[in-house]
Structures are given as C-alpha cells and as structure tokens.
Amino acid sequence: MRITGVTTYLMQAGARPDLMRAKGADADFRGSRNWLFLEIETDAGVTGVGECSGWPRVVETAVQDLSHVLIGQDPARIDRLWAQCYRAIMGHGLTGTVGSGALSGIEMALWDIKGKVLGQPVWQLLGGAIRDRIPCYGHAHTEDEARWLQGLGYTALKTPFTGIVDLDRVARLRDAVGPELDIAVDAHGPSWMTPSDAILVGRELEAFDLLFYEDPVSPENLDMLARVRDAVAVPLAAGERVGTLHGCRPHIERDLVDVIQPDTGRAGGITQMRKIAAMAEAHGIMLAPHSGSLGPVAEFAALHVMATVPNALLLERIEDDWPGRYEVVTPVLKIEGGALALPMAPGLGVELVHEAIARFPAIRNVASGPPDDGKAYVPGTAEEAVHVQTRRSRARSLRP
Ligand SMILES: [Mg+2]
C-alpha cells in the first residue's frame, strides 16, 4: 500500500468574527478559531483522518509541504515516516508547535489507516485498553454551568481566568457543587503575571483543595514555574503550548508540574503523547491532554492514548462551545456519567463530514478576544489594566 495524497481542511470553528458583536448572536458561540483536519489517501482506497493545532493556517502549509515526504511511501511505517518528516522540518528550525502540529495530524492519520487495515481500533494496537471509559472535566464560569456539568455526571470541572483569579467565584463554585467534585483553576499564564503574584494567588487557592492550578505563569520561562512550585502547596499543571517529548521534557524532568497537559493536535502525534505519558509516569506525573481549542478528531485521538497509559487523569472537554462541533464529524462523542466511551470502530473511529466542514470556511486565523463579558483581555478592566498598573493597583486586583 502506498500514500497517494494528503488533503487539508481548514475551517472556522466557533462564532464568526464578523458576527461576534452582532446583536442576537447565538449565545452558544464562544470565541472563534480555526480547526485543521487532514486526510491521507492511499492506493488501497483506505483514508486516514487527523487533526492539527499549533496555528492551523500555518500548519496547513506545513502539512502540504510535508505531503511530498509522504506520497509514494508505505503508510504502515508510522515511526519511520514521522522521523522523515521531523528531519524534513529541521531545515526550518523545527518550527516548534507549527512543526509538531503538522506531525500530529499526519501521525494520527497514519494510525487511523493502520487500524482500518487491521480491522482494530487504535487503542487495541497500542497494547489494549487499561480503561474502557475516559473521565473528562468540563469548563464552568458560573454556578449554573457547574451544576449543569454535575448533572451530566462530570466529577471534575475547571474554571478559567487570565492571571487574576476571582477567589469568590472559586468559592461559589465549590459551594454549588459540594465537596465531592474536583475543581481546577486555569490562569492561562499571561505574560504579565510575575512569579510573586502567581504565588500570592496560589497561596489563596490552597484553601480550596484544588485538582490543579494551571499555567500560573507564562510558559516561556520555566524557572518562574519552579518558583511557584516551591512556594505553593497546590498541584500545578502546564504543557499545553509546547510540542513533542522534547517540549514536555523539562516540565517532567524538573518535576515542575503534577499534571502534564500536551495538546493532542500539537504534541507530535499519538506515539509522542504516549512517550510524554511514559516519561511523566516515571515522575509520578499525571496526563491530562489539553483540548480547549481543538476539534473533535483530536478528541478521538486523545481517547485512544488515554485508554492505554496508566497515568491518564482526565480529558479536557468543552461540552457546549459550539454546535458545529457536532456536525463536522461522525459519529459524535457523547458524555455519559462524566466520561467518554472508547471508540470501537477500526482506526480512530471518526470520519469527517465534508459537506458540513465546507459550510464553515476559515475566516480568521487568530482568535478574537471574547465579547465584553468580563472574562479576559477586555480594555478598561482589571485584566487589561494590570499590564500598566503599579504594585498597589496590581495587588488590589490580585487580592480583591
Ligand atoms: Mg489551559
């Protein structure tokens, strides 16, 4: 069998940026971003599907460049093809998450082909399932959202902020869901968050018995994360913005996190995810793949990984981000009892719905800020003002 072609599908997910501020815009639309899917075609009529993140429009070009490495080759030789693609991007400086984003979707699609040819779900080829259901955590900003997730059976939720953590919100969520549900806080590592401020916030968070405190500082300087780790008695999570085993190595090797969060669309592929998980396992670190901006194909891929690694914690899942999530692939994953069941079909178990994807052409490559809902990056709010405020103002924002 030989690879005959690679086709990319770049689409707009979430609210269209030109409509975001329109009166009456669908309240279910939150944010806007590109999703990039790809298909690898073969001369045997078997097609593999994958998904890439890491700046989708740029990654699309990378995938198209790498198609010249793939066409004519045997799709069964996954690790060899991955290494050939990796070598091909060396000359471009490896390109970080763009390069590993391209590798992710390509490698995922090769596994899909292998599973379809062998008539087995990918998890079966990775050593078999350790677990049949993958527990997930959802996102909640309000008590109503938290109770809704709880009603769906979720046992864990995460509430997102941008550096400044509203401790009252965390307290309200805890009151709303009771003591049994796990709560995580994502600070999104804004560039203006100093380690000392992140420590101040982290110490306040110790009272809430959190599942984890995610990206307390920006990811560019891991020494800052080390300062937070040394000063705060809350489990830390990070890793969504780096690619491959090499990107996650310092987080794990230095024991900077309790939870490593590779993004399935830019970690470098299924095997890279498993290598990251294995390295983390040796450090007592759990795996909780990032999915915040990803589409549904990567979610399927994450299930196959999480079924087969012992230290899988939870999969991130944004349950209600955009109705189109449930239109562009088949079948659709459905949460039951706070978990997703393993796909049983050969390969990844998911196919693109091309007509639906075509209805959402890519418009903008970089997501807009959210509408004026007070969540993040809004001019004139405390979130924005901390960029320029002196210590007294910052302290008031951080500790209201
Ligand atoms: Mg995050």
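**Exercise 1. In this predicted model, find how many bridges join strand 1 to strand 2, and in which direction the two run.**

Solution. Start with strand 2, residues 32-42. Its bridges to strand 1 number 11. The two strands run antiparallel.

**Exercise 2. Give the strand order of the open sheet, and name its edge strands.**

Solution. The sheet has 3 strands in the order 1-2-3, with antiparallel pairing. Strand 1 (3-14) and strand 3 (47-52) each pair on one side only, which makes them the edge strands. From one strand to the next, the twist averages 20°.

**Exercise 3. Which residues of helix 7 are buried, and why do they lie on the same side?**

Solution. Helix 7 spans residues 195-205. Its buried residues are Pro195, Asp197, Ala198, Val201, Gly202 and Leu205. Around the axis they cover an arc of only 160°, so they fall on the same side of helix 7. Recall the general rule: an α-helix has 3.6 residues a turn, so residues three or four places apart point the same way.

**Exercise 4. Describe how helix 9 packs on helix 10.**

Solution. Take helix 9 (residues 244-253) and helix 10 (residues 270-281). Their axes are 9 Å apart, at an angle of about 20°. Angles under 35 degrees count as roughly parallel, so helix 9 is roughly parallel to helix 10. The crossing is right-handed. Helix 9 makes the contact with Thr244, Leu245, Cys248, Arg249 and Ile252. Helix 10 contributes Gln272, Lys275, Ile276, Met279 and Ala280.

How values were computed: Residues are numbered from 1 along each chain as its sequence is written. This is a predicted model: local features need pLDDT of at least 70, side-chain atom pairs count only at pLDDT 80 or more; totals for chains, interfaces and linings use all residues. A residue is buried if 20 or more other C-beta atoms lie within 10 Å of its own, exposed if 12 or fewer, and partly exposed in between; C-beta atoms are placed from the backbone. Helices (H or I, at least four residues) and strands (E, at least two) are DSSP runs, numbered from the N terminus. The arc is that of the directions from the helix axis to the C-beta atoms. Two strands pair if DSSP finds at least two bridges between them. Axes are lines fitted to C-alpha atoms, for helices over the stretch in contact, and angles run from 0 to 180 degrees between N-to-C directions. Angles under 35 degrees count as roughly parallel, over 145 as roughly antiparallel, 65 to 115 as roughly perpendicular and the rest as oblique. A crossing is left-handed if the near helix is turned anticlockwise from the far one by less than a right angle, and right-handed if clockwise. Two residues are in contact if their C-beta atoms, placed from the backbone, lie within 7 Å.
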